[in-house]
Amino acid sequence: MFSTAARALASRSLPRAPSILPPSRSMLTVSRLSPSVAELTLDKAPANTLSLEMALAFSAAVSEIEADPSVTALLLRSSSTKIFSAGLDISEMSGPEPARLADFWRAIQGTYLSLYSSRLATVACIEGHAPAGGCLLSLMADYRIMTGGGPRIGLNETALGIAAPYWLKDMFVETVGRRNAELALLKGTLFTGEEALAVGLVDEVLPLEEVYPRAKEEVLKLARIPAKGRAETKRLLRGAAVDELLAGREADVAWFTEFVLEEGTQKGIKAYLDSLKKK
Ligand SMILES: CC/C=C\C/C=C\C/C=C\C/C=C/C(=O)SCCNC(=O)CCNC(=O)[C@H](O)C(C)(C)COP(=O)(O)OP(=O)(O)OC[C@H]1O[C@@H](n2cnc3c(N)ncnc32)[C@H](O)[C@@H]1OP(=O)(O)O
């Protein structure tokens with residue numbers, strides 16, 4: 001839906017190095033809920049983490065769905081009801097090879113550029129946990145429906161000793177408002193569904209068994225809204241944020257790689273990864 005030039009710039013900046021594996025579709029499945037509604041299911045056990053390959057596969061799948069003019073809406077979900085996505089694959093950032101680390105971040109930027117700027121009506125069906133990069137995936141959708149009670153969602157980067165990039169922080173601020181965002185980002189809060197609803201991070205909270213049926217109902221409803229007006233409205237709402245990242249993409253890559261490669265960050269990442277594995 002954004003300008004052809006912006007699109008071309010976005011795709012030209014995606015990793016093209018021969019060392020990068022082609023996007024694998026085994027981590028994702030794409031199906032149809034109706035002739036005009038696609039369903040994209042994250043299916044990378046055990047936690048739907050965003051590795052380089054997963055991030056590339058995600059953007060490629062969104063672009064392919066968008067390229068079909070008969071599709072007007074997209075439902076994003078996970079094959080697991082326990083974990084929507086555990087966020088960035090931390091092993092990508094532990095002792096990384098710098099060129100791959102830079103490609104990894106370009107691919108993460110690419111997930112944002114593909115879905116946040118999509119002409120499609122998008123609904124995130126969040127049945128399980130969605131911390132950090134998992135929250136990022138859901139924030140890019142137009143509407144979020146989450147399970148109440150158990151799973152958590154939010155940007156917990158600060159609690160991990162890191163910071164969310166400005167474009168993720170901005171999307172969070174746009175969604176929950178400045179003060180709620182400051183409180184949550186500075187503490188690294190992970191919200192229950194009910195708490196997330198109270199700050200506007202999600203739009204509906206339901207018992208697990210009702211989340212997917214309701215998400216389907218909503219996406220089928222959104223698919224009926226006239227596509228052109230909706231796409232232009234999304235461009236007016238989100239175009240400036242997307243263009244800002246497109247213009248400063250490599251500076252953002254430099255920020256991320258420098259931060260991750262620092263000795264202190266590396267120690268923290270290794271300790272966190274070990275703690276996850278020992279759980
Ligand atoms: C550290 C980054 C450094 C610098 C980055 C700088 C800027 C970028 C900033 C922001 C963008 C976003 C960042 C992120 O997304 S960082 C990742 C944040 N994610 C988390 O903190 C979640 C970690 N996971 C969990 O808390 C739990 O797994 C969860 C509650 C989601 C589910 O719990 P459950 O008990 O059901 O499963 P587990 O046994 O814990 O996990 C299963 C399996 O998966 C592995 N796992 C989980 N999460 C990750 C991950 N994010 N990366 C890699 N691996 C992960 C876990 O170790 C288990 O593996 P195994 O023991 O081998 O089965």
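Where is the place of N48? I find N48 in the loop between β2 and α2. Helices (H or I, at least four residues) and strands (E, at least two) are DSSP runs, numbered from the N terminus.

Ground rules first. I am reading a predicted model, in which local features need pLDDT of at least 70, side-chain atom pairs count only at pLDDT 80 or more, and totals for chains, interfaces and linings use all residues. Residues are numbered from 1 along each chain as its sequence is written.

N48 is not a glycine, yet its phi is positive, about 50°. I count N48 as buried, with 28 other C-beta atoms within 10 Å. My cut-offs: buried is 20 or more other C-beta atoms within 10 Å of the residue's own, exposed is 12 or fewer, partly exposed is in between, and C-beta atoms are placed from the backbone. P46 is also in the loop between β2 (37-42) and α2. A cis peptide bond joins A45 and P46, with omega about 0°.

**A132.** I noted a positive phi here too, near 50°, in a residue other than glycine. A132 lies in the loop between β5 (130-131) and α4 (133-139). A132 counts as buried, with 25 C-beta neighbours inside 10 Å.

**I65.** This residue belongs to helix α2 (residues 52-67). I65 is buried, having 20 other C-beta atoms within 10 Å. Leaving aside neighbours within four places in sequence, I65 is in contact (C-beta atoms, placed from the backbone, within 7 Å) with V30, A38, L40, V71 and L74. I also checked F84: I65 and F84 are 19 residues apart in sequence and 20 Å apart in space, C-alpha to C-alpha.

**Helix α3.** How many of the 19 residues of α3 are buried? I get 14 of the 19, so α3 is largely enclosed by the rest of the structure.

**α3 with α2.** The axes come within 8 Å and cross at roughly 30°. That makes α2 roughly parallel to α3. Axes are lines fitted to C-alpha atoms, for helices over the stretch in contact, and angles run from 0 to 180 degrees between N-to-C directions. Angles under 35 degrees count as roughly parallel, over 145 as roughly antiparallel, 65 to 115 as roughly perpendicular and the rest as oblique. Among the contact residues are L52, A55 and L56 of α2 and F104, A107 and I108 of α3.

**α3 with α9.** The axes of α3 and helix α9 (residues 227-247) come within 11 Å and cross at roughly 155°. α3 and α9 are therefore roughly antiparallel to each other. Q109, L113 and Y116 of α3 meet R238, V242 and L245 of α9.

**α3 with α10.** Helix α3 (residues 98-116) and helix α10 (residues 249-261) have axes that come within 9 Å and cross at roughly 130°. That makes α3 oblique to α10. From α3 I listed P98, L101, A102, W105, R106 and Q109; these meet R249, D252, V253, F256, T257, V260 and L261 in α10.

Key:
Contact = placed C-beta atoms within 7 Å.
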